[in-house]
Amino acid sequence: MTKLCFASNNEHKLDEIRPLLPAGFTLLSLADIGCHEELPETQDTLAGNARQKAEYVRQRYGVDCFADDTGLEVTALNGEPGVYSARYAGPQRLAADNVAKLLQELAGAADRSARFRTVVALARADGATHEFAGEVAGHITEDGRGAGGFGYDPVFAPAEGDGRTFAEMSGAEKNRISHRARAVAGLLAFLSTE
Ligand code: IMP
């Protein structure tokens with residue numbers, strides 16, 4: 001049985017990732033390993049933040065651990081909010097405020113294309129760190145729709161879908177095409193070669 005810690009305090013991310021892991025893996029939360037601290041996230045790239053979180057937990061708790069960092073990159077906003085997606089509308093990090101600001105910034109925009117990009121960093125107890133990326137293209141809708149998912153999901157409709165936003169999909173549907181599921185697929189492919 002391979003035990004892997006997922007270095008995140010975001011319950012939504014844990015719920016998404018748990019069904020992606022095949023038999024033989026046990027996913028440990030930060031609470032499971034006795035980590036109740038805020039993880040540092042002070043880098044200016046997704047990869048930098050993912051590595052920082054995973055390596056922080058590896059260093060202090062000595063476990064194999066992975067972390068993800070995700071950004072929403074909007075073409076008409078030159079790739080913003082990107083790595084600053086969580087704090088887009090301010091340090092309170094509220095999804096509703098972030099979404100409201102995004103819709104305001106895009107009011108009247110002809111090009112509403114965007115993509116989610118995730119970098120997963122795996123920090124091994126032996127000291128090595130590996131990165132895996134995943135992305136999904138789509139567009140920002142005019143209004144929020146759906147009650148599922150989290151963050152920007154109510155205003156993101158993936159290009160590979162049927163027009164519904166991620167928040168209108170089940171978790172399994174989102175996992176079939178999402179940025180995070182794709183990055184985790186890279187992680188699992190890497191682990192399966194060992
Ligand atoms: P972080 O990866 O937790 O730093 O997330 C950055 C920002 O993007 C936060 O505001 C999250 O709510 C949002 N976010 C991360 N992943 C997703 C997702 O899968 N769907 C929608 N929003 C997300």
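Author: The largest share of the lining of the largest pocket, five residues, comes from β3. The model is predicted: local features need pLDDT of at least 70, side-chain atom pairs count only at pLDDT 80 or more, and totals for chains, interfaces and linings use all residues. Residues are numbered from 1 along each chain as its sequence is written, and side-chain values use heavy atoms, with hydrogens and water left out.

Strand β3 covers 65–74 and, like α3 (95–105) and α5, supplies at least two residues of the lining of the largest pocket. Strands (E, at least two residues) and helices (H or I, at least four) are DSSP runs numbered from the N terminus. The largest pocket has a volume of about 760 Å³. It is lined by 31 residues, and N10, K13, E41, A86 and R93 are the ones nearest its centre. A pocket here is an open set of points on a 1 Å grid over the protein atoms alone where a 1.4 Å probe fits, with protein on both sides within 12 Å along at least five of seven lines; lining residues have an atom within 4 Å of a point. Points are joined across faces, edges and corners, and the volume is the space filled by probe spheres set on them.

As for burial, 10 of the 10 residues of β3 are buried, so the strand is largely enclosed by the rest of the structure. Buried means under 20% relative accessible area, exposed over 50%, and partly exposed in between (1.4 Å probe, protein chains only). Both faces of β3 are covered. C65, A67, D69, G71 and E73 are buried on one side, while F66, D68, T70, L72 and V74 are buried on the other.

Next come the partners of β3. Two strands pair if DSSP finds at least two bridges between them. Strand β1 (residues 2–6) runs parallel to β3 over two bridges, and C5 has C65 in β3 as its bridge partner. With β5 the sense is antiparallel, and 10 bridges join the two strands; A67 stands opposite A121 in β5. Strand β4 (residues 81–82) pairs with β3 in the antiparallel sense over two bridges, where E73 has P81 in β4 as its bridge partner.

Strands β3 and β4 form a hairpin with six residues between them. N78, in the loop between β3 and β4, has a positive phi of about 55 degrees although it is not a glycine. At 74% relative accessibility, N78 counts as exposed. Past β4, R93 lies in the loop between β4 and α3. R93 has a positive phi of about 55 degrees too, although it is not a glycine, and with a relative accessible area of 42% it is partly exposed.

From β5 the pairing continues. β5 pairs with strand β6 (residues 129–140) in the antiparallel sense over 11 bridges, and R117 has E135 in β6 as its bridge partner. These two strands form a hairpin with five residues between them, and G127 in the turn has a positive phi of about 110 degrees. β6 in turn pairs with β7 in the antiparallel sense over three bridges, with I140 bridged to F156 in β7.

The structure holds five aromatic pairs. The ring centres of F116 and F156 are 4.6 Å apart and the planes stand at 55 degrees, so this pair is tilted. It links distant parts of the chain, with F116 in strand β5 (residues 113–123) and F156 in strand β7 (residues 156–158), 40 residues apart. F116 is buried at a relative accessible area of 5%, and F156 is buried at 0%. F116 also pairs with F166: the centres are 6.3 Å apart and the planes at 20 degrees, so this pair is stacked. That pair also links distant parts of the chain, since F166 is in the loop between β7 and α4 (171–177), 50 residues from F116. Rings of Phe, Tyr and Trp (its six-membered ring) pair if their centres lie within 6.5 Å; planes under 30 degrees apart are stacked, over 60 edge-to-face, and the rest tilted. F116 and F166 are both buried, and F116, F156 and F166 form one aromatic cluster.
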